[in-house]
Amino acid sequence: MLKRPLALFFLSLVIFATHTNAQSDKNGACKFDEFGDVAYSDLIARLDNFAIHLQNEPRTKGFILVYRTRRDLPGLNNRIALRSKDYLVNSRGVARDRIVTIDGGEGDRQVQELWIVPIGTTPTPRPDAYERYFPDVDSPRKIDEYGFDPAHGRTELPSWFGDDRDAEYLETFATELRKQSTSIACIIVYAQYNPRPRLVDNGDYEPVRDVRRDPPGTARQRLQIERARLMKIYGIKSARIRLVDGGYRKLRAVELWVVPRGEHTPIPTPNSFPPKRTRQKQ
């Protein structure tokens, strides 16, 4: 039998651990988990546990709060939060309207928080999150950069994540464009040319070799998709949108830039150059 002081010590550890893993605020919102930049397998395991608790508590909503560092692109918070939301909805069956994503701003480190929140309330953001520098609004500013799958229109997500919800990934970009009402939206897209293409998962857990070189028009098609979403969903006028075919990179990429009036659009930076086809001699 443990002596009383020792028993009290272990009991205090249990209470502390429970409080650390499930902190509640004055609104009744409960912080379910908190973590930084973790491996994909670790992220999925945490989201699986989160989904189970949400399904067991149908009168609650799940909030995903993401904080970035001052060195990260402004769109990172929204992109990370939506990646987790898409998994919960499309792979775990949680209703989309039960998941709320929040851009927490800047912190000392990159952090993702998962909250279980009673309907009608919101969690309390961290008090130490704020903008730690003043952006140069007189120069072109990259807001975000992500990959895409030309077959499904996905943004840095495998095709098995389900229906096309990519427009949400433009939210931070559209917000910055509204703040700078005279600025221009510049979108640069790079198609893929990779002599040693990687393996990709098409959703059936059977990895296949990615294409070596995208067909002509891949970048232009993606540019049109992004412009249509900015105009239709966020109300950005066509005259404020500049589209740039950036050529080829080893991996497909979309860059989103806010360019002040009078400034030149960013110069594309391709890093892969397919050999030019030569006409065969007759």
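These legends describe a predicted model in a series of close-up views.

**Notes on the model.** Local features need pLDDT of at least 70 and side-chain atom pairs count only at pLDDT 80 or more, while totals for chains, interfaces and linings use all residues. Residues are numbered from 1 along each chain as its sequence is written, and side-chain values use heavy atoms, with hydrogens and water left out.

**View 1. The whole chain.** The protein chain holds five helices and 13 strands. Helices (H or I, at least four residues) and strands (E, at least two) are DSSP runs, numbered from the N terminus. Of its 282 residues, 42% count as buried. Buried means under 20% relative accessible area, exposed over 50%, and partly exposed in between (1.4 Å probe, protein chains only). Among contacts with a separation of 6 or more, 74% join residues 24 or more positions apart. Contact means heavy atoms within 4.5 Å. The accessible surface of the chain is about 16400 Å², and 54% of that belongs to carbon and sulfur atoms. Accessible areas come from the Shrake-Rupley method with a 1.4 Å probe; for residues, only the protein chains shown count as cover.

View 2. H2 covers residues 40-56. Its 17 residues should span 24 Å at 1.5 Å a residue, and its end C-alpha atoms are 25 Å apart, which agrees. The expected span is 1.5 Å times one less than the number of residues. The buried residues of H2 are Leu43, Ile44, Leu47, Asp48, Phe50, Ala51 and Leu54. They pack against strand S2 (30-35), S3, H3, S4 and S5.

**View 3. Strand S3 between two partners.** S3 spans residues 60-68, and eight of its nine residues are buried. Strands pair if DSSP finds at least two bridges between them. S3 runs antiparallel to S5 (residues 111-118), joined by eight bridges. Val66 has Gln112 in S5 as its bridge partner. With S4, S3 pairs in the parallel sense over six bridges. Here Phe63 has Val100 in S4 as its bridge partner.

**View 4. Tyr67 under cover.** Tyr67 lies in strand S3. Tyr67 is buried, with a relative accessible area of 0%. Not counting residues up to four places away in sequence, Tyr67 touches Asn77, Gly104, Gly105, Gly107, Arg109, Gln110, Val111, Glu113, Pro125, Arg126 and Ala129. Tyr67 and Asn78 are 11 residues apart in sequence, and their C-alpha atoms are 9.4 Å apart in space.

**View 5. An open sheet of four strands.** The strand order is S6-S13-S9-S12, with mixed pairing. S6 (141-146) and S12 (241-249) stand at the edges, each with a single partner strand, so one side of each is left without a neighbour in the sheet. From one strand to the next, the twist averages 20°. S9 (residues 184-192) pairs with S12 in the parallel sense over seven bridges. Ala191 stands opposite Tyr248 in S12. Helix H5 packs on this sheet, touching S6, S9, S12 and S13 (253-259). The direction of H5 makes about 150° with that of S9. Axes are lines fitted to C-alpha atoms, for helices over the stretch in contact, and angles run from 0 to 180 degrees between N-to-C directions.

**View 6. Helix H5, one face buried.** H5 (residues 218-234) has 17 residues and reaches 24 Å from its first C-alpha to its last, close to the 24 Å expected at 1.5 Å a residue. Its buried residues are Thr218, Ala219, Arg222, Leu223, Glu226, Arg229, Leu230 and Tyr234. Seen down the axis of H5, these residues fall within an arc of 135°, so they line one face of the helix. The arc is that of the directions from the helix axis to the C-beta atoms. Gly235 follows H5, with a positive phi near 75°.

**View 7. Helix H4 and its cover.** In H4 (residues 171-179), Thr172, Phe173, Ala174, Glu176 and Leu177 are buried. Their cover includes helix H3 (76-90), strand S4 (99-106), S6, S9, H5 and S13.

View 8. Asn271 lies in the segment after S13. At 40% relative accessibility, Asn271 counts as partly exposed. Asn271 touches Tyr248, Arg249 and Lys250, not counting residues up to four places away in sequence. Asn271 and Gly247 are 24 residues apart in sequence and 8.7 Å apart in space, C-alpha to C-alpha.
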